[in-house]
Amino acid sequence: MTYILSDIHGEYELFCRLMEKVGFSDGDALICCGDMIDKGKQSVRLAARLFSMKNAVLLAGNHEYDFLKYYWSLMRDARDYDLILSRLREYFPYDGELLDWETVDRFEALPYFYETEEFICVHAGAPLDREGHLLPLKDATPEQLVYDRTFKDPAVLPRGGKSVFFGHTPTFFLGGEPRIRCYLREGKRGGRVSDYCKIHLDTGTYLSGVLGCFRIEDCRSFYVGR
Ligand SMILES: [Mn+2]
């Protein structure tokens, strides 16, 4: 089975409980649409766990991108690499001491989108043309993909093409509960991913205490709460 989620934001315990709840095993796959770090208290521990998982596709969100921009700024006039690592550790006020160079390299290697025959995964939003058709993600800049603020709007419904999974903005900011929001295409019933034009994954875990994930094969959502 393939599970997809977003915006865990250092909530390591909730993530572990969610994986337990769905009975996640080595035969399953995980996709995380960015923002694994910041806000919560176990950013580095969570990142290390995600980086160690088999069959995990991890994307950069704006929080990983902001960390990388800080890292790149330190590297511009790098002389003392031990000092750089200690500055990077200070970036994570709660568990920065766990950060090592291997983890930094893994952050730097994160892709900004993931695409299959059926769907697209991105942190904040996929680029659309004026008629709402999806544009090729490879032509978008990282900034577009991690900072987009319009794709979340309920009125933005990508036409045709693939389904888009994204996070970045808590769904309850759009009204209602901290639940995954699935936007059905006209005339579809919702039994398969292609029935949806977009699936908004961010349950605002840090604020709501609820973390959710979506199972691709049967379009079921699962949640754990604090
Ligand atoms: Mn974000």
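This is a predicted model: local features need pLDDT of at least 70, side-chain atom pairs count only at pLDDT 80 or more; totals for chains, interfaces and linings use all residues.
**Entry 1**

Residues are numbered from 1 along each chain as its sequence is written.

I found seven helices and ten strands in the chain (DSSP runs numbered from the N terminus, helices being H or I of at least four residues and strands E of at least two). The radius of gyration is 17 Å, close to the 17 Å from the globule rule for 226 residues, so the chain is as compact as a globular protein of that length (radius taken over C-alpha atoms; the rule is 2.2 Å times the number of residues to the power 0.38). Along the principal axes, the C-alpha atoms fill a box of roughly 60 × 40 × 35 Å.

I also checked contacts (C-beta atoms, placed from the backbone, within 7 Å). Among those between residues at least 6 apart in sequence, 72% join residues at least 24 apart.

**Entry 2: the sheet with E1**

I traced an open sheet of five strands in the order E3-E2-E1-E9-E10, with mixed pairing (two strands pair if DSSP finds at least two bridges between them). Its edges are E3 (56–58) and E10 (220–225), each of which pairs on one side only. Neighbouring strands are turned by 20° against each other on average, direction ignored (axes are lines fitted to C-alpha atoms, for helices over the stretch in contact, and angles run from 0 to 180 degrees between N-to-C directions).

E1 (residues 2–5) and E2 (residues 29–32) pair in the parallel sense over four bridges. Within this pair, I see Leu5 opposite Cys32 in E2. Helix H1 (residues 12–22) lies across E1, E9 (210–215) and E10, and runs at about 135° to E10.

**Entry 3: the sheet with E4**

I then followed another open sheet of five strands, ordered E4-E5-E6-E8-E7, again with mixed pairing. E4 (113–115) and E7 (181–184) each have a single partner strand, so one side of each is left without a neighbour in the sheet. The twist averages 10° from one strand to the next. E4 pairs with E5 (residues 119–122) in the antiparallel sense over three bridges, and Tyr114 stands opposite Cys121 in E5.

**Entry 4: H3 against H5**

I looked at helix H3 (residues 62–76) and helix H5 (residues 101–108): their axes come within 10 Å and cross at roughly 115°. On the H3 side the contact is made by Glu64, Phe67, Leu68 and Tyr71, and on the H5 side by Val104, Phe107 and Glu108. By class I list five nonpolar, no polar and two charged residues (Ala, Val, Leu, Ile, Met, Phe, Trp, Tyr, Cys and Pro count as nonpolar, Asp, Glu, Lys and Arg as charged, the others, Gly among them, as polar).

**Entry 5: Leu98**

I located Leu98 in the loop between helix H4 (81–90) and H5. Leu98 counts as partly exposed because it has 15 C-beta neighbours inside 10 Å. Leaving out residues up to four places away in sequence, Leu98 touches Val44, Arg45 and Ala48. The C-alpha atoms of Leu98 and Glu186 are separated by 48 Å, the two residues being 88 apart along the chain.

Conventions:
Two residues are in contact if their C-beta atoms, placed from the backbone, lie within 7 Å. A residue is buried if 20 or more other C-beta atoms lie within 10 Å of its own, exposed if 12 or fewer, and partly exposed in between; C-beta atoms are placed from the backbone.
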